[in-house]
Amino acid sequence: MKEIVVVSGKGGAGKSTITAGLSYFLKKNDVLVDADVDAPNLKILLEPEPVEEKDFYSGKQFKIEQDFCIRCGRCYHECSFEAIEIIKFDYVIDDIACEGCGLCQFICPTNAISVADKLTGKKYISKTKYGFKMVHALLNPAEENSGKLVADIKKVAKQLAKEQNASTIIVDGPPGIGCSAISAVSGSDIVLLVAESSISGLHDMERLIELSQNFKVKRLGFINKYGLNHDIDEKLVNLFESKGIEIVGYLNYSQDVPQYLKKKVNLPEYVEGYKKIFESLYKRIMEGVE
């Protein structure tokens, strides 16, 4: 079984468009993962129907039990994060401001502060319109630990792939170089680095290449919106070549692409020219694995 992770240094580089295009060639027993848990959008193109849904818990949630609180104010004055508010003479914990350190519970003289695991998101296994299953998740607004959630759904995907005797897992990684991107790349066989032909795309790709070189994983390059800026195109090609990263494909800049995406069209499904591009890309990636 091989795992291919598609990542980009920034949002909007076309990573999910490329991932959706590649997924068109997956077998029905293969597995797709949308690991962009802060803003998953593969569902727009692949129309998954959930077959399994589970809660995701991360961190701790503290609560002041008003029946036991004597309003001494120690928690309010000692909280370094100013996460305790006074509402109608009651002390109340602001869940967004709370960092979960537990100091309030430790110093409370009446043990009036309870703690429980914090529900921070949902995990799903869904069946896509192409027949293969997709593992995805959604982190609740303002919640942290997206890296832990990415690691969690990748573990679910590997187990599912094993049960289905799958040969391939494709992961749509989160944008950027944060902990969630690190979780997505960890343990993979190939990382497809998707660069956008823009100044920010070039600089973000430099950071992503620096990050990815810390992993013992084969790296391949792809340039999206090729032709948008010829000077940047040349610099991206030179950047990949200087780092020994093979460029396995290009997608020319076209105003037709956003129009197709607005209509929820997965490019290789309806446009013959794009089907050939993505089929060639898929084959080159698979050759890279072998």
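These legends accompany several close-up views of a predicted model.

**View 1. The whole chain, before we zoom in.**
Let us start with the overall picture. The chain holds eleven helices and eleven strands, and its C-alpha trace spans about 70 × 40 × 40 Å along the principal axes. Of its 290 residues, 48% are buried. The chain exposes about 14,700 Å², with carbon and sulfur atoms supplying 49% of that area. Among contacts with a separation of 6 or more, 77% are between residues 24 or more positions apart.

Helix α8 runs through residues 230-242, which makes 13 residues. From first C-alpha to last, α8 reaches 18 Å, close to the 18 Å expected at 1.5 Å a residue. What caps the N-terminal end of this helix? Look for Asn229: one of its side-chain oxygens lies 3.1 Å from the backbone nitrogen of Asp231. After the helix comes Gly244, with a positive phi near 70 degrees.

Now find the buried residues of α8: Ile232, Asp233, Leu236, Val237, Leu239 and Phe240. Why do they lie on the same side of α8? They do so because they cover an arc of only 160 degrees around the axis. On the other side of α8 you can find His230, Glu234, Glu241 and Ser242, which are exposed. And what do the buried residues pack against? Their partners are the strands β9 (190-196), β10 (218-226) and β11 (246-252), together with helix α7 (199-212).

**View 2. Cysteines without a disulfide.**
A search of the whole structure turns up zero disulfides. Cys69 is in no disulfide, and the nearest cysteine sulfur, that of Cys75, is 6.2 Å away. A disulfide would need the two sulfur atoms to be within 2.5 Å. Cys69 is buried, at a relative accessible area of 15%. Cys72 is in no disulfide either; for this residue too the nearest cysteine sulfur is that of Cys75, at 6.3 Å. With 41% relative accessibility, Cys72 counts as partly exposed.

**View 3. Arg71, a loop residue with a positive phi.**
Where in the chain does Arg71 sit? Its place is the loop between β3 (49-64) and α3 (74-78). The phi of Arg71 is near 60 degrees, a positive value in a residue other than glycine. Arg71 has a relative accessible area of 34%, so this residue is partly exposed.

**View 4. Asn111, in another part of the chain.**
Here is a loop between α4 (103-107) and β6 (113-127), and Asn111 lies in it. Asn111 is a residue other than glycine with a positive phi, near 55 degrees. Is Asn111 buried or exposed? At 66% relative accessibility, Asn111 counts as exposed.

**View 5. Tyr270 and two residues to look for beside it.**
Tyr270 belongs to helix α10, which covers residues 267-270. This tyrosine is exposed, with a relative accessible area of 55%. Its side chain is joined to that of Glu269 by a polar contact of 3.5 Å.

Technical notes. Residues numbered from 1 in each chain as written. Predicted model: local features only at pLDDT ≥ 70, side-chain atom pairs only at ≥ 80, totals over all residues. Heavy atoms only, no water. Helix = DSSP H or I, 4+ residues; strand = E, 2+ residues; numbered from the N terminus. Expected span 1.5 Å × (residues − 1). Buried < 20%, exposed > 50% of the residue type's maximum accessible area, 1.4 Å probe, protein only. Arc of directions from axis to C-beta. Contact = heavy atoms within 4.5 Å. Polar contact = N/O pair within 3.5 Å; in protein donor to acceptor, adjacent residues only side chain to side chain. Areas by Shrake-Rupley, 256 points an atom, 1.4 Å probe, with all protein chains shown as cover.
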